[in-house]
Amino acid sequence: MISFLRWARDIGLGVLNGIAKLVVFLVLVGVVLALFGLSRGDGLPSKMVLNLDLRNSPPDSSTAPAFGFERRTPAVMDTVLALDRAGRDSRVKGLLLQVGRGGLSVAQAEEIGAALVRFRATGRFVIAYAGGFLDTGLGDYLAAASADQIWMQPKSPFGPAGPAVGGVYLRGLFDKVQAVPQIVKRADFKSAADMYMEKGRTDPDRLQTTAFLQSWYDSAVAAIASYRRIDPKAVIATFQSSPQFAEDAQRAHLIDRLGYDDEAKDAAQARGGNAKLVSFGKYDNSTEEAASLAGGGPKVALIEAAGEIVDGSADRSVFGGSTVIAGDDYAEAFRKATRDSSIKAILFRVDSPGGSVTASDQILDAVKKAQAAGKPVIVSMGPLAASGGYYVSCSANKIVAEPATLTGSIGVLTGKVSLGKSLGLIGVGADDIGIGKNALFDSGIDPYTPDQLANLNAQADTIYGDFLRKVATGRKLPLAKVQEIAKGRVWTGADAAPRGLVDELGTFWTAVGEVKKAIGVSPEQRLTFKRYPERENFLDALNDLLGGTEMGMRTMQGMATLLQAPVAKEVVGALGSMPQGRVELRATNLPQ
């Protein structure tokens, strides 16, 4: 026994010693890389063409540190800011854009396309290449249309036809398994509740969905016609003929050249004076730190919020940034920016379907306190700023949305699905015991009693009324007008602007222009952005790495490969976002 304990002690000490050596090794590697980087600059060539690959769907924002590792698909905001740096970098001669797998929404394409046009205005070129536009959606082609030239692989498919969405409705399934859904919503258009309560699309949801799809189509066609300098009717006629081939799109003047990927790359490098092709992720990583240290210009806080709004604080990992908007983290980000006397204004980038009422209210309170302290808050909406995403934005000094942004959805939903009888069908017994009249209010086994359902409706009425009043106050609109345009209805930015829900249509740089107006500087004045929540440094990330395990995440990633069928993803997503008895500001079934 003593020998065994000694053996166990030796093994334990060996493991600890190994961990200590790993920590020291990683720290030394970080130091060496930093010193090496300082000795050779950023390591980029003196003449380059950037290669931006957006064939996979990018997130709007990322709080993850890169630490020199290349991001395969940079976040939209990272792309926008890096393109601004590249437009002022004499070494950058142009850019090769790769698209085509349907990775971009119309709103993302509006943001990226505007950034590429801004980049081209500095004298650089952009060549777009697609091995085929594989999706019927318009986002990928809209982004490509902002380029000087569009190349496609010969005989490859040209699919752009128009936006479309589908829905999954679980009520029929619930009836078959004797589950009892009890979801209440405020009001008719709050379609996130319909997937649980209905067997098909409701008339109000069909109305709002058709409206925002038409708005997307109109916005995309107008922008493409402007980029390509052709009649919008010709663009529509070509889309009506899809799916077709690259040669058909070339005859319709929607693409310029036929060729393969290596030929497009060679053409881009030749146009750049035989410049080297550098991945966009590498350029972004290599220049980001230098840009953050650069002085000059008033300092503005850039708070990037992407994902579902949740209570508390989110764990961060060296392997990826937080994919949620945690109330504690983002309220504190506003408070830090408010306390920092060097910060002149706050630019709040929002891409969220909403979520927790309390977390949304916590963030909104921090926004209002920043404004009360003299810090103007300008909101830049990404693809989706709906329900709770609109809630946290509504008091801003100015709100800028892209034409295709989905916003509004001023409404609430709450309830639960009781599975007690369902479990009985498969031989599973379930029993809850609670002391107190409503101790089992949120039980997933038994349905609400009539008194509990009345309580639930009262909660929904209270939160909905409070939401309406906050929007009316923040937007300086009559309460009656807000009641008319609310009802849980989703609007595109193009439709929200004339209703007073947003102030201006545009992109991130439009919002930057509003910041400059708010702090009284000229349009030509450059600003220095300080990003919140702060990205981790090397030692912080190393501590996260050694303090937890990624085993669970790796296992879940393996499981995810089994759930890639569209219907499976819809059903799993619907079940995962099922209300659990709390009032929510959520619009989870919306496309982006």
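This is a predicted model: local features need pLDDT of at least 70, side-chain atom pairs count only at pLDDT 80 or more; totals for chains, interfaces and linings use all residues.

Tutor: The largest nonpolar core holds 73 residues, and the members that touch the most others are Leu 95 and Phe 239. Helix α7, residues 203–228, gives the largest share of this core, with 8 residues. Zoom in on Phe 239: leaving out anything up to four places away in sequence, Phe 239 touches Leu 138, Tyr 141, Phe 158, Pro 160, Ala 161, Tyr 217, Val 221, Ile 224 and Leu 254.

Ser 393 sits in the loop between α14 (388–391) and β16 (398–401). Is Ser 393 buried or exposed? Its relative accessible area is 0%, so Ser 393 counts as buried. As for Met 381, it is 12 residues from Ser 393 along the chain, and their C-alpha atoms are 8.8 Å apart.

Now the helix pairs. You describe two packed helices by the angle between their axes and the distance between those axes. For α2 (residues 76–87) and α3 (residues 106–120), the angle is about 5° and the axes are 9 Å apart, so the two helices are roughly parallel to each other. On the α2 side of the contact you'll find Val 76, Val 80, Leu 83, Asp 84, Ala 86 and Gly 87; they meet Gln 108, Glu 111, Ile 112, Ala 115, Leu 116, Arg 118 and Phe 119 in α3. By type, that contact splits into 8 nonpolar, 2 polar and 3 charged residues.

Further along, α12 (residues 327–339) packs with α13 (residues 357–372) at about 5°, with 8 Å between the axes. That makes this pair roughly parallel too. Here Gly 327, Asp 328, Tyr 330, Ala 331, Phe 334, Arg 335 and Thr 338 in α12 meet Ala 359, Gln 362, Ile 363, Ala 366, Val 367, Lys 369 and Ala 370 in α13. The tally for the contact of α12 with α13 is 8 nonpolar, 3 polar and 3 charged.

Most residues other than glycine have a negative phi, and most peptide bonds are trans. His 253 has a positive phi of about 65°; His 253 is in the loop between α9 (246–251) and β8 (257–258), and is exposed at 53% relative accessible area. Lys 487 has a positive phi as well, about 60°, and is partly exposed at 30%. Then there are cis peptide bonds: Arg 186 to Ala 187 has omega of about 10°, and Tyr 532 to Pro 533 has omega near -15°.

Zooming out, the protein has 22 helices and 22 strands, and 48% of its 592 residues count as buried. Of the contacts between residues at least 6 apart in sequence, 77% join residues at least 24 apart. On confidence, pLDDT averages 85, and 79% of the residues score at least 70.

Terms used: Residues are numbered from 1 along each chain as its sequence is written. Side-chain values use heavy atoms; hydrogens and water are left out. A nonpolar core is a set of buried Ala, Val, Leu, Ile, Met, Phe, Trp, Tyr and Cys residues joined through side-chain atoms within 4.5 Å. Buried means under 20% relative accessible area, exposed over 50%, partly exposed in between (1.4 Å probe, protein chains only). Helices (H or I, at least four residues) and strands (E, at least two) are DSSP runs, numbered from the N terminus. Contact means heavy atoms within 4.5 Å. Axes are lines fitted to C-alpha atoms, for helices over the stretch in contact, and angles run from 0 to 180 degrees between N-to-C directions. Angles under 35 degrees count as roughly parallel, over 145 as roughly antiparallel, 65 to 115 as roughly perpendicular and the rest as oblique. Ala, Val, Leu, Ile, Met, Phe, Trp, Tyr, Cys and Pro count as nonpolar, Asp, Glu, Lys and Arg as charged, and the others, Gly among them, as polar. pLDDT is the predictor's confidence in each residue, from 0 to 100.
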